[in-house]
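Here is a short walk through one protein model. Keep the sequence and the 3D view side by side as you read.

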Amino acid sequence: MKFKAKIYSFLALVLATTIICTHISPAVGKLAANNQTTAQTLIAVASSNLQQGKLLYDAGRFAEAVKFLQQAVEQYQKQGDTVRLAATLSNLSLAYQELGDWHQAQQAITESLKLLQGNPEKIPNLGVLAQSLDVQASLQLAMGQTDSALSSWQHSAEIYTKIKDNSGVVRSQINQAQAFRIQGFYQKSGKILNEVKQTLQSQPDSLEKAISLRSLGDSLQLVGNLPESGKILQQSLEIAQRLQSPSDIAASLLSLGNNAVAQKKIPEAIAFYQQAVKVSSSPLIKVQAHLNQLKLLIEDGKSADVQTLLPVIQSQIEQLPPSHAAIYARINFVQNLVKLGRENLTLKNSQFLATAIQQARNIGDKRAEAYALGSLGNFYEQTQQLSEAQKLTQQALILTQAYNAPEIAYRWQWQLGRLFKAQGNIPDAIIAYDASLATLESLRSDLVAVNQNVQFSFRDSVEPVYRESVEILLKSQQGKPDEQTLEKARQRIEALQLAELDNFFREACLQGQTVVLDKLVDQDNPTTAIFYPMILPESLQVIVKIPQQPLRYYTTSIPKAEVEKIANQLRQNLTRNHTSKAMSNQLQQVYNWLIKPIESELQTSGVKTLVFLLDGVLRNIPMASLYDGKQYLVEKYAVALNLGLQLLAPKPIGKQQLRVITAGLINSPPGYTKYPPLPAIEKEFELIAKTGIATTKLLEQQFTSKALESKINSANFNIVHIATHGEFSSRAEDTFILAADGPINVTQFDRILRSRNGSKSQIMELLFLSACQTAAGDNRAVLGLAGVAVRAGARSTMASLWDIDDEATAKFVGLFYQELKDGNISKAEALRLAQLKLLQDAKYKAPRFWSAYVLIGNWL
């Protein structure tokens, strides 16, 4: 779990008597730190109810805050004090939002805005109106009404500008950036965040600036701009240190620790958390920093350090007064114990969770109660007390559904599915898994930025839901699933690919289009077969669609660890310059898993192209190199990979004229000398031009990020061919290509590709990444290869799984483009013919040279 600083907020009234001051920043995530006031002068408020409401809200005791705020509302109604009444109603909406009671939150903010908008010309009303619009926007965003939220924040920004409230403008801009990101307008989002950065840099030091910089840094981290996020957070820390504000220093240190974790800089992260503990006077901040540190120590296997820290954290938590954040801290402490193994799950730990449940009930926090109930259910699941676990999980689910907590609900639906399965109730287990995945789909745009109090990891908390769902579907009906069940499993495999892409880019970057598989294959592509392998704990399952036939399904009983061992050894062997007997045997073994059970049907059905939606470690193996004992697969079929047929429906390249932008770098820029020169790039470009294809060339110092963007915007093209060193991994931060002015990160590359203002006739048919390579041992590196192209609207990507001889690359590239131009054939067939010609060359007959290139996406 990572705690992030959130600037909590009540509204400020700038009147003769000013009341509670707060900020709204839903973009930052939910956390606990000492909540800061604005630079506006606070004057004592007459209403004790309002003051008590603020104290309880800031303490995370939202249900109790509601009671006092309701009393304040009644008081101001009797007094006829419209402005204070409106502000209090907005504060009441905030408290209801924290409780997940959207109906009451909506009612309160609607009443507030009705009062304020009836008399908008008084300057004090404008300040309250702007902040009330912020409250409305946060509710609209939580309810999935992104367009409305964006409109509300834009309106509030206009008012803040009018009354010269610079801090309010910044807050609204940060929140607008989040809304644009959720809508898919990434360039707009990035532009706004950059404007915020420029605005803040010009301001003098103040606590308000430190808070705004921290909010900006957290937002930049959410969108994956980790280095820039770190710089901004460091500025926030330095300002807080100069102004000697311990609470802000601690909050910035927490955010810096989270940023370091995201960058895999674990020692630095631990150091930041330790500093936060040392600096902060808040017991809650100390607990949160210690919990973040504990998670890292557990993941790193530092058992001695873990055992030292556990009693410290437990003692600190027991001394915390009941609050929203304290309850979550208590829950997350036990969840860390679960990760340590069953030997750490004692009766005392279950009582720790029971206390969390009781505290949540005492302060009326239903969402926290739901999280605690489900966590205790998980505790009992681990200790095999299944009946009690099921009872608690069902209680938790009732609460999550009543109090709008989908980020918690999907976990307990998944947990219920596991419990039903463990008790042999497969039909109900399938229903529970279906419900969990439906909830996950509803959360797509918010999955990366869900409630930061809830522990979240794609690998641990999302991916297994899909895999276990497929497994239980395929094992249903006595292991002989019918056509409808197989189709459901196939769709789940595709949905997992889409979820992995979302996780790679840290946003719901693609909206899938439902594909009717029978029509796609039987009518539109009657010579194509589609393979869906799925690696499960004890077996390798394969679903296949052959034209004019129902879905086929077969399985190989083999542990996941064995599949991974063989595939990893094979990947290493494939990169050698010769063909060994061990490699041939391994290639044949994988062929036997995936192809052999259905090879006769492929031969008799007239199939010419095999399309694979690969899973896990299989993505690192070029399918073209699979071996049946006599021939490689490429000698019989054209081969392509796909990330999901729901992303881009395949369309033939047709007889259109091919126009290529070529960009190449022979010598790496300063600081990247580990990458050797690529002198054959010039020959590669000559061979492309020799085919007669129209080319626009950027070579060596001409190839900069700005020059590439300029060409993308001005040239008429349908293929982009990049010849330079690059690395692709499952982490967007570690995925880049080299240009003369330095590395182009995948998110920057994505922005460049999508900056073009082309018409539909300028669809990018192919992105060819020559000389790049995937990270060794990274099962999701292919996402880095293809994800950016798919997101930018490119129909296909061609790339190499490993670095190969640049002379061989040049020859292959020339052969591929010649086949593509002359043959009126599919891209997959052009790839096949080029690979076969390289295979027939004695110098390049080893799979290392001809099989490294894979076609991903549209194979036509």
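Which residue in β4 is the bridge partner of T528? The partner is T609. Bear in mind that this is a predicted model.

Strand β1, residues 528-536, and β4 pair over 4 bridges.

Now look at the faces of β4, which spans residues 609-612. In a regular strand, side chains alternate between the two faces of the sheet. On one side of β4 sit T609 and V611. On the other sit L610 and F612. All four residues are buried, and both faces are covered.

Next, turn to helix α22, residues 463-475. From first C-alpha to last, α22 reaches 19 Å, close to the 18 Å expected for its 13 residues at 1.5 Å a residue. Of these 13 residues, 11 are buried, so the helix is largely enclosed by the rest of the structure. The buried set includes V465, Y466, I472 and L473, but also E463, R467 and E471. Just after α22, Q477 takes a positive phi of about 55°.

Last stop: L113, in helix α4, residues 102-117. L113 has a relative accessible area of 5%, and it counts as buried because the cut-off is under 20%. Beyond its neighbours within four places in sequence, L113 is in contact with L129, S132, L133 and Q136. Take L133: it lies 20 residues from L113 in sequence, and the two are 7.7 Å apart in space, C-alpha to C-alpha.

Notes
Residues are numbered from 1 along each chain as its sequence is written. This is a predicted model: local features need pLDDT of at least 70, side-chain atom pairs count only at pLDDT 80 or more; totals for chains, interfaces and linings use all residues. Side-chain values use heavy atoms; hydrogens and water are left out. Buried means under 20% relative accessible area, exposed over 50%, partly exposed in between (1.4 Å probe, protein chains only). Helices (H or I, at least four residues) and strands (E, at least two) are DSSP runs, numbered from the N terminus. Two strands pair if DSSP finds at least two bridges between them. The expected span of a helix is 1.5 Å times one less than its number of residues. Contact means heavy atoms within 4.5 Å.
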